[in-house]
Amino acid sequence: MYVLQDATNLLWSEINDKAYTTLEVNLKEFQKIYLNIEKPSLETLKNSVFQLYSNCIETILKDKKFNDTSITSTYLIQNIKIAVETYILHTLRKILPKSISIYMADDDANLNKIIRNLADLKFDDLGIHLDLCTNIHRGKLELSHIVCYMTVLEKLECLRRSIRYISQGVSSITSDDLLPILVYLVIKTSLSNWIAQITFIKHFRFSASSINEADELAYLTTSLEAAIEYIKSGVLMEKNRMNHISDSEQKEKNESEQRTSIDYLFTCIMKVSLAKNRLLNRPTISSKNEHGSTALHIASFYGKVNIVDYLLNSGADTNVINNDSFTPLHCALMKGYQNIVLLLLHANANPIIVDNYGNTALHIASDRGHEGCVKALLYFAEHTNLSLNVNSLNIDGDTPLHRASKWGYLGIIEVLLEYGADCKIKNKWGQTSFDVAQSERVTILLQHITPNVVVPCTVKVHHSLPILQLSPKTENKLKSKYSSNIHMTIQINKLFAAISEGDIHLANYYLGWKLYSFHLKNFIAKVFLKTTYML
């Protein structure tokens, strides 16, 4: 009954033509009214669809043909409810998903940022039993199709199949087993609209009853929501970070010679207990661990700015790569440490170096959702005449804009488009940035901005070029009015934007002050108060 054809067949067989026509008229009227409502709230949309559902059920209950066959059949009435819900949600498939996607865009982007920074999570980190790991990849593949289904029951049935595949060969899955499995699936399934999905499932299931099947589906809904909320809480990110530290501490405890090894140095870096005068004379500044990482890689990854500064002053190589071809700059970008990114860039870190998957520094920052780091890379390139290709392709043919569009990072998308990112470039699967976007707000943004964007293949940023790509008509107006001051105006606007966002490092950079000036906070406070007074 979850399939549209089954729902349509049931309605045709159980109600007369007049009642069926009334259902179609109600749906057309709803769509017409909805299109004239300007940005209704989620609650308004939910209530309106429920009212439509109730009206349709009432129409059927009044139908004489249906009454003649349904007087003693509770099962038939429940199936009619499911059929009506399926029919309505399929008919509104071009309205509901888009509207919910717009409402939940910011929440989805925030969740995606957390998910992308948990990309290296493993079974052991979540305590998933080994006997459940065998089929988890099959379950993940099944769950990735949840976006293809248009009704709540179809989506829940997809979730149920996913769990069933994972549990094959296992007597049963307890609730304690289910939550970590769902957490793992949400993180690893590569969907970028989980908040929109769970919102749709929670608010648009009108046919629920107390039958066993409904109880099971309600349990799956609650479990999926709990998994998403657990990820949103950030507890998992902190737990993952502490697990890395605990592993290093265990090595230190188990090996008596640990204090003379490079692993001890890495442990000290993560715990910020580096003794400058006695450690670096044992392992060398370029020593590597089993992953090919140097002390600078580790310090950059864990955000230890004082150690990064010390290692740079001691001559550490900023462009050394580990086994994954990650540089220290890549490591800092993964975690979004903008201050370390700027330190490394000033120490001649090369943002063009690619990892084993062809990702540049800009790919990594865009994929992980670190807008401040994206700005730092592009603004630094602008002020140093560095040739930086914002449309560079990784091995999948994805540009940084592809990655930002997929995960719904609106701020990053706007910055990349300002620097000439091309949303029409296709990856190896023939997908543009429009195609990979699962957020309706991303699609709207790309459609709105694209006509006015001049798209060069490579952006070579110079001091003399404005960063904004404007339409020819707008650019000519600006040039005639502010021919000598346009670049200065843009720079001032960027400075004030950095100050208003509390972005100390970029504001410091624009002012040409030393990276860790103690006077900057006072300056920002004065400017903020002055601009607030003026407003």
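**The start of the chain**

Val 3 sits in the segment that precedes α1 (4-14). The model is a predicted one, in which local features need pLDDT of at least 70 and side-chain atom pairs count only at pLDDT 80 or more, while totals for chains, interfaces and linings use all residues. Residue numbers run from 1 along each chain as its sequence is written, and side-chain values use heavy atoms, with hydrogens and water left out.

With a relative accessibility of 45%, Val 3 counts as partly exposed (buried is under 20% relative accessible area, exposed over 50%, partly exposed in between, with a 1.4 Å probe and protein chains only). Apart from its neighbours within four places in sequence, Val 3 is in contact with Thr 86 and Glu 154 (contact means heavy atoms within 4.5 Å). The pair Val 3 and Glu 154 is separated by 151 residues in sequence, yet the C-alpha to C-alpha distance is 7.5 Å.

For the whole protein, 73% of the contacts with a separation of 6 or more involve residues 24 or more positions apart. The protein has 30 helices and two strands (DSSP runs numbered from the N terminus, H or I of at least four residues for helices and E of at least two for strands). Of its 535 residues, 50% are buried.

**An enclosed helix and the loop before it**

Helix α13 (residues 194-203) is largely enclosed by the rest of the structure, because eight of its ten residues are buried. Those buried residues are Trp 194, Ile 195, Ala 196, Gln 197, Ile 198, Thr 199, Phe 200 and Ile 201. The loop between α12 (175-188) and α13 holds Ser 190, whose phi is near 65 degrees, a positive value in a residue other than glycine. At 36% relative accessibility, Ser 190 is partly exposed.

**Packing around α24**

Helix α22 (residues 371-384) and helix α24 (residues 410-418) have axes that come within 9 Å and cross at roughly 15 degrees (axes are lines fitted to C-alpha atoms, for helices over the stretch in contact, with angles from 0 to 180 degrees between N-to-C directions). The two helices, α22 and α24, are therefore roughly parallel. On the α22 side the contact uses Glu 371, Val 374, Lys 375 and Leu 378, and on the α24 side Gly 411, Ile 412, Val 415 and Leu 416. Sorted by class, the contact of α22 with α24 has five nonpolar, one polar and two charged residues (Ala, Val, Leu, Ile, Met, Phe, Trp, Tyr, Cys and Pro count as nonpolar, Asp, Glu, Lys and Arg as charged, and the others, Gly among them, as polar).

α24 also packs with helix α26 (residues 440-449), at an angle of about 20 degrees and with the axes 11 Å apart. That angle makes α24 roughly parallel to α26 (the term covers angles under 35 degrees; over 145 is roughly antiparallel, 65 to 115 roughly perpendicular, and the rest oblique). Here Leu 410, Ile 413, Glu 414 and Leu 417 of α24 meet Arg 441, Val 442, Leu 445, Leu 446 and Ile 449 of α26. The contact of α24 with α26 divides into seven nonpolar, no polar and two charged residues.

Asn 385 lies in the loop between α22 and β1 (387-388). Its phi, near 60 degrees, is positive in a residue other than glycine, and Asn 385 is partly exposed at a relative accessible area of 38%. Cys 373 is buried at 1% relative accessibility, and Cys 423 is buried at 3%. The count of disulfides is zero (a disulfide is a pair of cysteine sulfur atoms within 2.5 Å).
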